Amino acid sequence: MKAGIRLKSAVCDTEVMVIRAAEGVVACGGKPMAEDKPADGGSPDPEFAAGTLLGKRYIDADDTIELLCVKPGDGSLSLDGVALTTKDAKPLPSSD
Amino acid sequence: MNISLILEMAAEAGADRVGLVCDGRRWTYGELLRAARGAAARLADSDCTFVALLDESSEAAPIALFGAALAGIPYVPLNYRLADEDLAGLLARIAPACLIGDAARAQRLDPEGGHTCLDRGAFTAAAEAAADSFDAAQEGEDIAAQIFTSGTTGTPKAALLRHANLLGYILGTVEFLSAAETDAQLVCVPPYHIAGISALLSSIYAMRRIVMLPAFEPDEWLRLAADEQVSNAFLVPTMLARIIERMDAGNTADLSSLRAIAYGGGRMPVELIERALTLLPDTDFTNAYGLTETSSTIALLGPEDHRLALTSDDPAVRARLGSVGRPLPTVEIEIRDDDGRALPAGERGEIYVRGEQVSGEYRERSALDADGWFPTRDAGWLDDDGYLFLAGRADDVIVRGGENISPGEIEDVLMAHPAIADAAAVGVPSAEWGEAVGIAVAFKPQQQALNEDELRELIRKRLPSSRVPEQIRLRDALPYNEMGKLLRREVRTWFDE
């Protein structure tokens, strides 16, 4: 995994872009994500079926990984089986 | 990574939402993406190595920018205000290009370049018609934009902005879909300036409707701001000055929807920003500092800083109105001396910056050092709280008998005088010192002008004697480029050899 690549879900339409890379297995709906769309993995594991939201950033508790959702879907994201949470935005005033 | 992601996400979230208003037509995000894809399909079939825009701002700018990105070809917005000779030189450097805008002029200036030239209407129509033939985004050489610097000191440099730089800037500073559907951004900076590109990217990622003013004119700006209930705008100081002039002269356009004005691109006179804060008490002001090579803003002075500075009794806090604020959380800034050593707060040196958005790369070479720091050639210092103050271009420093003198310290003293409208200090040849101080001064109309002795006395009272000018020129006005940058090179020609 490296910053800038896109990962696709095996169970839904979710696509993320890696903003900060970390060691470990990134999964969506409980199934590993990959750069090439993985074979159909069925429906999301109910534990990881809360869905992803377009444009939200997802991080782990230690803030080691950061993913940006660029396409939303029904599965939800995890790193090594631990659910990721959305990152709070710290808005800057518009400067453009 | 590709900046086309920005438009794709906006179209995914709101294909039918209006993203751009230009010349009476309203474009949805879905329509803009379709046109960009059509442009990409046409460009991928061509043999052009650049996609150039030689035009005022219009829908063709975002369509060409994103179309070029999807086709994997660098986008090059050209300054249509350049003289023929200078523009011909740039056209030769990007041949063969697909050129959009003033097709006749491009053909005339570089007939041998093999350019494919289309006027704005033909390009937009072709892009919209080809949308269904778009296949997939191309990688290309990863350069999103090539921007020729204004070349105020010599031949324009071709600054390269990679997709990772521009996307890093947007993802680091803008929250996706953070704008309300009623929000609108009035864009009046020229498309060939970095601020013209960052305005498109930021607004589309925030999903703030872009209201485009093809070329700046203060009454037209006021009319559009009122008619389209504009909420945000970016201005260079000279534009703000002209808008305030029109308001003072009786233009009563309703600006009640205008929540925020960002400004940058040149020195903001403290008097002007104080007048603006008073005239528009409900509008947030943000000062942004950035360079072409840094994908736009690297430091900003936010609305709260402005209010505090205006009302504070603490001189250090008041002085911040003359600063460009603090570095973005996503960039690092250091002040270094001539030997490259980092300087502590309060000491003046050259501004270095590092971060994902910082390209520091030209077609000919990269200016980054081994650790990724970009020397901006801007001089400045940081105060104890991390606020950055600019002190002119490092190249503008006047070296008098081995002593370094920043033009800014002399200009600040002159500008504080109520009769002086504008002032510039430059290095002039001196038999005794190698270089000495020359000043050019413009007085306000109907003000008692100071004579040369009085001007020298004004500086002698406040600054070391080395700052007292050897030569003085009195003029009606000082020369600026269209982005409000003082043309020091021109000022220097006024003085004796």
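Two residues are in contact here if their C-beta atoms, placed from the backbone, lie within 7 Å. This is a predicted model, in which local features need pLDDT of at least 70, side-chain atom pairs count only at pLDDT 80 or more, and totals for chains, interfaces and linings use all residues. Residues are numbered from 1 along each chain as its sequence is written, and chains are lettered from A and ligands numbered from 1 in the order in which they are written.

**Stop 1: B:S57**

Select B:S57, in the loop between β3 (50–54) and α3 of chain B. Helices (H or I, at least four residues) and strands (E, at least two) are DSSP runs, numbered from the N terminus. Leaving aside neighbours within four places in sequence, B:S57 has contacts with B:V187, B:P190, B:P191, B:G196, B:M212 and B:P214. Is B:S57 buried or exposed? B:S57 is buried, with 26 other C-beta atoms within 10 Å. A residue counts as buried if 20 or more other C-beta atoms lie within 10 Å of its own, as exposed if 12 or fewer do, and as partly exposed in between.

**Stop 2: the cores**

Next, select B:V51, B:A52, B:A64 and B:L186. These residues have the most contacts inside the largest nonpolar core, which has 159 residues. A nonpolar core is a set of buried Ala, Val, Leu, Ile, Met, Phe, Trp, Tyr and Cys residues joined through C-beta atoms within 7 Å. Helix α3 (residues 60–71) of chain B gives the most to this core, with ten residues. Another core, of 19 residues, lies apart from it and includes B:I405, B:A436, B:V437 and B:I459. In soluble globular proteins, nonpolar side chains tend to be buried together.

Return to B:L186. Not counting residues up to four places away in sequence, B:L186 touches B:V211, B:L213, B:W221, B:L224, B:A225, B:V230 and B:A233.

**Stop 3**

Select residues 218–227 of chain B, helix α9, where B:P218, B:W221, B:L224 and B:A225 are buried. Looking down the axis of α9(B), the buried residues fall within an arc of 125° (taken from the directions from the helix axis to the C-beta atoms), so they line one face of the helix. Which elements cover the buried residues of α9(B)? Among them are β9 (184–187), β10 (209–212), β11 and α10 (237–248) of chain B. After α9(B) comes B:Q229, whose phi is positive, near 45°.

Move on to α7(B). Nine of its eleven residues are buried, so this helix is largely enclosed by the rest of the structure. The buried residues of α7(B) include B:H163, B:L166, B:Y169 and B:T173.

**Stop 4: B:T283 and strand β13**

B:T283 sits in the loop between α11 (270–279) and β13 of chain B. B:T283 is partly exposed, with 19 other C-beta atoms within 10 Å. Not counting residues up to four places away in sequence, B:T283 touches B:L258, B:R259, B:A260 and B:I261.

Continue into β13(B), where seven of the eight residues are buried. β12(B) and β13(B) run parallel and are joined by four bridges; two strands pair if DSSP finds at least two bridges between them. Across this pairing, B:A260 stands opposite B:D284 in β13(B).

**Stop 5: a three-strand sheet in chain B**

Select β23, β24 and β25 of chain B, which form an open sheet in the order β23-β24-β25 with mixed pairing. β23 (420–430) and β25 (471–475) are at the edges with a single partner strand each, so one side of each is left without a neighbour in the sheet. Neighbouring strands are turned by 20° against each other on average, direction ignored. Helix α14 (residues 407–415) of chain B packs on the sheet, touching β23 and β24 of chain B, and its direction makes about 145° with that of β23(B). Axes are lines fitted to C-alpha atoms, for helices over the stretch in contact, and angles run from 0 to 180 degrees between N-to-C directions. Strand β24 (residues 434–443) of chain B runs parallel to β25(B), with five bridges between them. At one of these, B:I439 has B:I472 as its bridge partner in β25(B).

**Stop 6: where the chains meet**

Finally, show both chains. How many residues does each chain give to the contact? Chain B gives 28 residues and chain A gives 14 residues.
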